[in-house]
Amino acid sequence: MSEHETEQSDDESRTYDPDADHAFPDERLNEVLEFVQNDPEIQTYLDAQNVNPVVRKGYNDHGRKHISIVRNRALGLYDLLKKGGVEFNGASEQGLDEADESVIVALAATIHDIGHVVHRDEHAYWSIPLAADILDRILPQFDFYGTEETVRVKGEVLHAILCHHTEEDPLTTEAGVVRVADALDMEKGRSRMPYEKGGRGIDTVSSQAIQRVSLRQGDTVPVLVEIEMLNAAGVYQIDNLLKAKLRDSGLEDDIRIVAVNIRDDDNNLVERVEL
Ligand SMILES: [Fe+2]
Ligand SMILES: [Fe+2]
């Protein structure tokens with residue numbers, strides 16, 4: 001069995017597979033995803049948005065790889081929440097279809113960080129006008145979106161983009177999913193708390209401690225986020241990043257976070273801790 005197959009079997013939510021069975025209507029999503037992957041403007045933004053954080057500020061990756069992880073995690077989270085019967089209010093309160101929920105999640109996840117091309121600081125706000133231009137261009141190209149749907153989908157995507165950072169509270173479940181997914185990109189040094197490469201501060205040390213993040217169906221809640229770490233420093237990362245983003249996301253009661261210490265020595269400070 002290849003490594004890829006092993007990953008799929010122990011964590012199906014790692015990569016979104018358009019051909020898999022999903023707990024939601026996925027035809028619109030699949031069409032939108034294919035368009036996005038082949039859109040030169042969007043793909044260029046995903047590279048260009050890395051210049052300010054990485055080249056100029058010396059931070060870790062916020063580009064194409066980050067976006068791929070966040071979008072896959074967001075769709076995996078959304079699928080588990082749908083399986084668990086969680087109600088989504090964003091699309092429905094706009095009179096949109098259930099099929100638009102995942103489109104909103106995927107588009108917001110894809111372009112949430114493009115404001116980095118303006119500045120790293122306050123980038124969620126700078127993402128808004130840039131994303132609005134992209135959405136105005138692409139949404140009318142789909143047969144299923146007329147003027148009204150375009151305006152409403154655009155509004156919901158912009159809401160989710162704005163609320164991906166902690167200063168603004170998500171008012172929709174779709175936006176909550178994007179915000180939490182943004183924090184799930186934390187395996188093996190890929191912390192979302194920007195830290196200086198090569199630094200030895202707690203941000204760096206705690207970020208290096210996290211080995212693997214798995215999303216599973218929970219027993220008592222729809223989603224269990226299991227985080228494997230080499231030492232207890234990883235807890236700092238979870239508290240300051242994941243738990244900060246989960247707070248006021250609207251999904252606090254639907255997601256459980258469990259930390260597991262995978263290093264087998266006498267210094268274990270964490271075995272398996274509910275966070
Ligand atoms: Fe961001
Ligand atoms: Fe992000």
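Modeller: Helix α7 is mostly covered, with 12 of its 13 residues buried; buried means that 20 or more other C-beta atoms, placed from the backbone, lie within 10 Å of the residue's own. Among these buried residues are Asp100, Glu101, Val103, Leu107 and Ile111. Keep in mind that this is a predicted model, where local features need pLDDT of at least 70, side-chain atom pairs count only at pLDDT 80 or more, and totals for chains, interfaces and linings use all residues. Residues are numbered from 1 along each chain as its sequence is written, while chains are lettered from A and ligands numbered from 1 in the order in which they are written.

Now step back to the whole protein. It has 12 helices and 4 strands, taken as DSSP runs numbered from the N terminus (helices are H or I with at least four residues, strands are E with at least two). Of its 275 residues, 43% count as buried. Contacts tell us about the chain, too: two residues are in contact if their C-beta atoms, placed from the backbone, lie within 7 Å. Among contacts with a separation of 6 or more, 67% come from residues 24 or more positions apart.
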